[in-house]
Amino acid sequence: MAFLVQLLACVLADKGSPDDGAGPDDTGEIGVRTLEVRVVNRYGAWVPVDQVGWFDPTRLPVPLRPAVTAMVCADGLPPCAVWVSDRPLPEHVQVVTEQFGDGTWTDEAGFTCFAWDSPWTRVVVPRTASAQIVHLVVNTEQMWCDDGIAAEPVPALVPPVVHAEDERVEAVTPGDAPVVTVGALDPADLPLPLAVVNWYYPPESAQYDGEHPLTCADALCSTWVISEGEGPALAGPFYVSGTWTGPLHPMEDVTWTDYQGAPTELGATVALRFDTTVGLVE
């Protein structure tokens, strides 16, 4: 049976120089490049990794790892720093990778630690054939420390941002003025991409007719809106709720995820705050 546990996680730009040998082969073509993912470190140098993959966050993949579809290494065989998709993608995908460092050690508290990071980003996929480029930024100083029971975030999980050299398709904000805006924040009040956001009438009311999706209104889907004509037909309170799904977790049977909701009304702006240390164990 799945159960929620509080995971205390010790999870913990531009292109690199052409001399580092890990960049893309601009002469190669692999299928239809609907998406290109470049893995770099915080200083802009290429970081070769063994795998980059995507999943559909709206399907709430738990556990996450089996739901990840591998992308194709642009230079032949992994490890490599540039990955491409050679197949059609859903309207929204979340792109993930992970990078393990060399060696393990024991810290002062007796925790076993190893270098590990799992950058991720939310991508709005174009409805046309035009390709786009996104970057995953690996923190090579990140680590995971575990005593076999619990883990602590040092530093905390950091949500993705749009990289300065990304070539993204922006989410299309509905033409009509939004009647409700929902923003998602992490514990540090940083914008947090969500998997899905819904509104619904109070479940005990006669008007309740299930959940209705909001529209993603920015490139990372950390802001969602209800437009004129899409929301509740009746004045009065209703609810909004959202689900967050995080990057890969170093423990294979754990998926970072949290669910939050709040009552609201027409014309409101709602900030939902999510706990990014919560994991679901399968």
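User: A disulfide is a pair of cysteine sulfur atoms within 2.5 Å. How many disulfides does this rule give?

Analyst: The count comes to three. This is a predicted model, so to speak of local features we need pLDDT of at least 70, and side-chain atom pairs count only at pLDDT 80 or more, while totals for chains, interfaces and linings use all residues. Residues are numbered from 1 along each chain as its sequence is written, and side-chain values use heavy atoms, with hydrogens and water left out.

User: Ok. What pattern do the disulfides follow?

Analyst: Counting bonded cysteines along the chain, the pattern is 1-2, 3-4, 5-6.

User: Start with Cys 73. Which residue does Cys 73 form a disulfide with?

Analyst: Cys 80. The sulfur atoms of Cys 73 and Cys 80 are 2.0 Å apart. Both cysteines are buried. Buried means under 20% relative accessible area, exposed means over 50%, and partly exposed is in between (1.4 Å probe, protein chains only).

User: And what joins to Cys 113?

Analyst: Cys 145, at 2.2 Å from S to S. The torsion about that S-S bond is about 115 degrees, so the disulfide of Cys 113 and Cys 145 is right-handed. The pair links distant parts of the chain, 32 residues apart. Cys 113 is in strand β9 (residues 112-117) and Cys 145 in strand β12 (residues 143-146).

User: How do you call strands?

Analyst: Strands (E, at least two residues) and helices (H or I, at least four residues) are DSSP runs, numbered from the N terminus.

User: Back to that pair. Is Cys 113 buried or exposed?

Analyst: Buried, because Cys 113 has 0% relative accessibility. Cys 145 is buried too, with a relative accessible area of 5%.

User: What about Cys 216 and Cys 221?

Analyst: Those two form a disulfide with sulfur atoms 2.2 Å apart. The angle about the S-S bond of Cys 216 and Cys 221 is -95 degrees, which is left-handed. Cys 216 and Cys 221 are both buried.

User: Which strands share an open sheet with β9?

Analyst: The sheet has three strands, in the order β8-β9-β12, with antiparallel pairing. β8 (99-106) and β12 stand at the edges with a single partner strand each, so one side of each has no neighbour in the sheet. Twist from one strand to the next averages 25 degrees. Angles run from 0 to 180 degrees between N-to-C directions, with axes as lines fitted to C-alpha atoms, for helices over the stretch in contact.

User: How many bridges join β8 to β9?

Analyst: Five, and the two strands run antiparallel. Two strands pair if DSSP finds at least two bridges between them. Phe 100 has Trp 116 in β9 as its bridge partner.

User: Switching to the whole chain. How many helices and strands?

Analyst: Zero helices and 21 strands. Buried residues make up 50% of the 282 residues.

User: Now rings. How many aromatic pairs?

Analyst: Six. Rings of Phe, Tyr and Trp (its six-membered ring) pair if their centres lie within 6.5 Å; planes under 30 degrees apart are stacked, over 60 edge-to-face and the rest tilted. One of the pairs is Trp 199 with Phe 238, edge-to-face at 5.8 Å centre to centre and 75 degrees between the planes. Trp 199 sits in strand β14 (residues 196-200) and Phe 238 in strand β18 (residues 238-245), 39 residues apart. Trp 199 and Phe 238 are both buried.

User: Which ring does Tyr 200 pair with?

Analyst: Tyr 239. Tyr 200 and Tyr 239 are stacked, 5.5 Å centre to centre with 10 degrees between the planes. Tyr 200 lies in β14 and Tyr 239 in β18, so the pair ties together parts 39 residues apart in sequence. Tyr 200 counts as buried because its relative accessibility is 13%. Tyr 239 is at 28%, so it counts as partly exposed.

User: Which residues do ring pairs link into a cluster?

Analyst: Trp 199, Tyr 201 and Phe 238.

User: Last one. Where does Thr 257 lie?

Analyst: In strand β19 (residues 254-264). Thr 257 counts as buried, because its relative accessibility is 13%. A polar atom of the Thr 257 side chain lies 2.8 Å from the backbone oxygen of Trp 244.

Terms used:
Polar contact = N/O pair within 3.5 Å; in protein donor to acceptor, adjacent residues only side chain to side chain.
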